[in-house]
Amino acid sequence: MRAEFAHEQAQAYLRQRNRFAVLAGVLGLTTLVSLGAAVTRDEQVVLVPITAERITVSSGGIDAPYLELVTRDTALMLLNRAPESLDYWMANILKLADPAAHGRLKAELVRIVEEQRGSDISQAFVIAEMHVDPKALTSTVTGTLKTFVGAQVIASQRRSFRFRWSKRGLSVALAGFEQLPTDKEEPGQ
């Protein structure tokens, strides 16, 4: 009887050992497949085909060339608009907005949309110079702002705009913008 009991115990331990061996084999195979997938996975690099400079964004700060490219693209998107594309224009600017400034920026953009919707007034901006300050996360763009009614230019003025940025992790977001007074204008006009 002791022999039968010992034999049953040995068989139970043997079945348990075999289950653990199968489990270890499955885990080992899963590990090998995971490592193989990780090693052969394609790396992703964001390429900016419009610049020959090396651009980096790190947790330590933002490179001036990167801030310049972000400012350039945002300024051109923000300052070139026509009544036919106002909804697209506003939606894409809000995609760049810092969540903390989203409501304030949306209010400013809605005001512009309400003024321009239904009119024939368009504007175009040609950048002449730009200054960026990566430490203060600000940039200033100066150029010619042309206003059109239909196809006719009704105004062409040299204007400067300041952009404020915020940084969260590795992303840069628009925190605000303003038109700067010209030499002929006093602040508050």
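Analyst: Start with the residue classes. Ala, Val, Leu, Ile, Met, Phe, Trp, Tyr, Cys and Pro count as nonpolar, Asp, Glu, Lys and Arg as charged, and the others, Gly among them, as polar. On that basis, the lining of the largest pocket has 7 nonpolar, 6 polar and 5 charged residues. Keep in mind that this is a predicted model.

Now the pocket itself. Its volume is about 370 Å³. In total, 18 residues line the largest pocket. Arg81, Arg111, Ile112, Glu115 and Gln123 are the ones nearest its centre.

Which elements supply the lining? H2, H4, E3, E4 and E6 each give at least two residues to the lining of the largest pocket. The largest share comes from H4, with 5 residues.

To place these elements, step back to the whole chain. The protein has 4 helices and 6 strands. Along the sequence they follow the pattern α-β-β-α-α-α-β-β-β-β. Of the contacts in the protein with a separation of 6 or more, 49% are between residues 24 or more positions apart.

Go back to the centre of the pocket. Two of the residues nearest the centre are Arg111 and Glu115. Their side chains meet in a salt bridge, at 3.2 Å from N to O. Arg111 and Glu115 are 4 residues apart in helix H4, so about one helical turn separates them. Glu115 reaches 57% and is exposed. The cut-off for exposed is over 50%.

The structure holds 6 salt bridges. One of them joins the side chains of Arg117 and Asp87, at 2.8 Å from N to O. Arg117 lies in the loop between helix H4 (102-116) and strand E3 (121-133), while Asp87 is in helix H3 (residues 86-95), so this pair ties together parts that are 30 residues apart in sequence. Arg117 is partly exposed, at 44% relative accessibility. Asp87, at 49%, is also partly exposed.

Arg162 sits in strand E5 (residues 152-168) and Glu178 in strand E6 (residues 171-180), so the pair links distant parts of the chain, 16 residues apart. Both partners are partly exposed: Arg162 at 30%, Glu178 at 33%.

Next, look at what is buried. Buried residues make up 28% of the 189 residues in the protein. In soluble globular proteins, nonpolar side chains tend to be buried together. Here the largest nonpolar core has 28 residues. Leu78, Trp89, Leu109, Phe163 and Trp165 touch the most other members. Helix H2 (64-79), H3, H4, E3, strand E4 (138-149), E5 and E6 each supply at least two residues of this core.

Beyond its neighbours within four places in sequence, Trp165 is in contact with residues including Leu67, Val70, Leu137, Val172 and Leu174.

To sum up, the lining draws its largest share from H4. Among the residues nearest the centre are Arg111 and Glu115, and their side chains form a salt bridge.

Conventions
Residues are numbered from 1 along each chain as its sequence is written. This is a predicted model: local features need pLDDT of at least 70, side-chain atom pairs count only at pLDDT 80 or more; totals for chains, interfaces and linings use all residues. Side-chain values use heavy atoms; hydrogens and water are left out. A salt bridge is a side-chain nitrogen of Lys or Arg within 4 Å of a carboxyl oxygen of Asp or Glu. Buried means under 20% relative accessible area, exposed over 50%, partly exposed in between (1.4 Å probe, protein chains only). A nonpolar core is a set of buried Ala, Val, Leu, Ile, Met, Phe, Trp, Tyr and Cys residues joined through side-chain atoms within 4.5 Å. Contact means heavy atoms within 4.5 Å. On a 1 Å grid over the protein atoms alone, a cavity is a set of points where a 1.4 Å probe fits but cannot get out, and a pocket is an open set with protein on both sides within 12 Å along at least five of seven lines; lining residues have an atom within 4 Å of a point. Grid points are joined across faces, edges and corners, and a volume is the space filled by probe spheres set on the points.
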